Amino acid sequence: MRVVVNLIYDKDYKGFVADVPELPGCMSQGKTVEKALENVRKAISLYLEVSPRKRQRLSGLALTTTVEI
C-alpha cells in the first residue's frame, strides 16, 4: 500500500515532521528524513491497527505539488 506523506522541516525542532493527509491526526517526526519516515511508518501501522476500516477508504490517489512564494 502506498500512502502520501508530507515531510516538512521544522526549524524549531531541527528535524522533520511527517504528516499523513489521508489519515487525520496520523503524524510523526524525526531529526533526519530517514528517521521521520521510519517513525511515520510505525505510526501508520498503529493507526490502521486501531482503525482497520480506514485502510479500505485509502484512495491511493496522490497529488503533490509545490508553490513558489
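This is a predicted model: local features need pLDDT of at least 70, side-chain atom pairs count only at pLDDT 80 or more; totals for chains, interfaces and linings use all residues.
Reader: Nice. Which residues are they?

Author: The largest pocket is lined by M1, R2, V3, V5, L37, V40, R41 and I44.

Reader: And what volume does that pocket have?

Author: The volume of the largest pocket is about 160 Å³.

Reader: Why does L37 count as partly exposed?

Author: L37 has a relative accessible area of 26%, and partly exposed covers the range between the 20% limit for buried and the 50% limit for exposed. So L37 falls in the partly exposed class.

Reader: Which residues is L37 in contact with, leaving aside neighbours within four places in sequence?

Author: Those are V5 and L7. V5 is also among the residues that line the largest pocket.

Reader: What about N6, how far is its C-alpha from that of L37?

Author: The two C-alpha atoms are separated by 9.9 Å, and the residues are 31 apart along the chain.

Reader: Changing topic, in what order do the elements of the protein chain run?

Author: From the N terminus on, the order is β-β-β-α-α. That comes to three strands and two helices.

Reader: Last one, what share of the chain is buried?

Author: Of the 69 residues in the protein chain, 25% are buried. The chain exposes about 5,600 Å², with carbon and sulfur atoms supplying 54% of that area.

Note on methods
Residues are numbered from 1 along each chain as its sequence is written. Side-chain values use heavy atoms; hydrogens and water are left out. On a 1 Å grid over the protein atoms alone, a cavity is a set of points where a 1.4 Å probe fits but cannot get out, and a pocket is an open set with protein on both sides within 12 Å along at least five of seven lines; lining residues have an atom within 4 Å of a point. Grid points are joined across faces, edges and corners, and a volume is the space filled by probe spheres set on the points. Helices (H or I, at least four residues) and strands (E, at least two) are DSSP runs, numbered from the N terminus. Buried means under 20% relative accessible area, exposed over 50%, partly exposed in between (1.4 Å probe, protein chains only). Accessible areas come from the Shrake-Rupley method with a 1.4 Å probe; for residues, only the protein chains shown count as cover. Contact means heavy atoms within 4.5 Å.
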